[in-house]
Amino acid sequence: MTMEPPPSTEIRATNAATGWVIALSAGLIGLGILAILMPAIASAVFTSVIGWIALVSGVFQVGQAFQAKAFRGQGLGLGVGILYAIAGLYILLNLVNATALLTLAFGLLLMAEGVFTIAMAFTYRAGGTMSWFVAINGIITLILGILAFNRWPFSALWLIGLYVGISLLLTGSSLLGAALALRKQGV
């Protein structure tokens, strides 16, 4: 009967750290699946988070402007803070309109990114095969942007939630793969 030596401190630390990453990745995967299954709710949640971020940062900026009385740009800081707070309130009180505008901006962004990625693929042609992957990425991104823009405002109901869900799912999956690989390597 052979006894295995106790695991080293480094292996235990790696297992503990990867345990948290595995838990995080499982949560991200779960949230991604929920967002994909319920894209309208995910779009509303994402937009309202942006609204809260704008509102809270506006309040902090207004507070900071009053604390910096000797600062020359106090009026500008106060103005920017008020604009952030108003934008945050607008987003939170008009969630449907804000989601529609955010979707429109997102569609335009994807179209621009697709065009620039395609141009980059054919301009730099680094690595032969890799430039085709970059071009395909640009074409798909351009198509997604056109679909979002073409179906607007109806795409506002699902687009942001679906894209956020896919992003969460892919991020969680890649984190899970990295954590499991690290844990396997450490043993």
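The secondary structure of the chain comes to six helices and zero strands, where helices (H or I, at least four residues) and strands (E, at least two) are DSSP runs numbered from the N terminus. This is a predicted model, in which local features need pLDDT of at least 70 and side-chain atom pairs count only at pLDDT 80 or more, while totals for chains, interfaces and linings use all residues. Residues are numbered from 1 along each chain as its sequence is written, and side-chain values use heavy atoms, with hydrogens and water left out. Of the 187 residues, 25% count as buried (under 20% relative accessible area, with a 1.4 Å probe and protein chains only).

Buried positions in H4 include Ala98, Thr99, Leu110 and Gly114.

Helix H2 (residues 39-67) meets H4, with axes that come within 10 Å and cross at roughly 95 degrees; axes are lines fitted to C-alpha atoms, for helices over the stretch in contact, and angles run from 0 to 180 degrees between N-to-C directions. H2 and H4 are therefore roughly perpendicular (65 to 115 degrees). In contact (heavy atoms within 4.5 Å) are, among others, Phe46 and Ile50 of H2 with Leu95 and Leu102 of H4.

Threonine 141 lies in helix H5, residues 129-150, and counts as buried because its relative accessibility is 8%. Leaving aside residues up to four places away in sequence, threonine 141 touches Leu110, Glu113 and Gly114.

Key
Buried means under 20% relative accessible area, exposed over 50%, partly exposed in between (1.4 Å probe, protein chains only). Angles under 35 degrees count as roughly parallel, over 145 as roughly antiparallel, 65 to 115 as roughly perpendicular and the rest as oblique.
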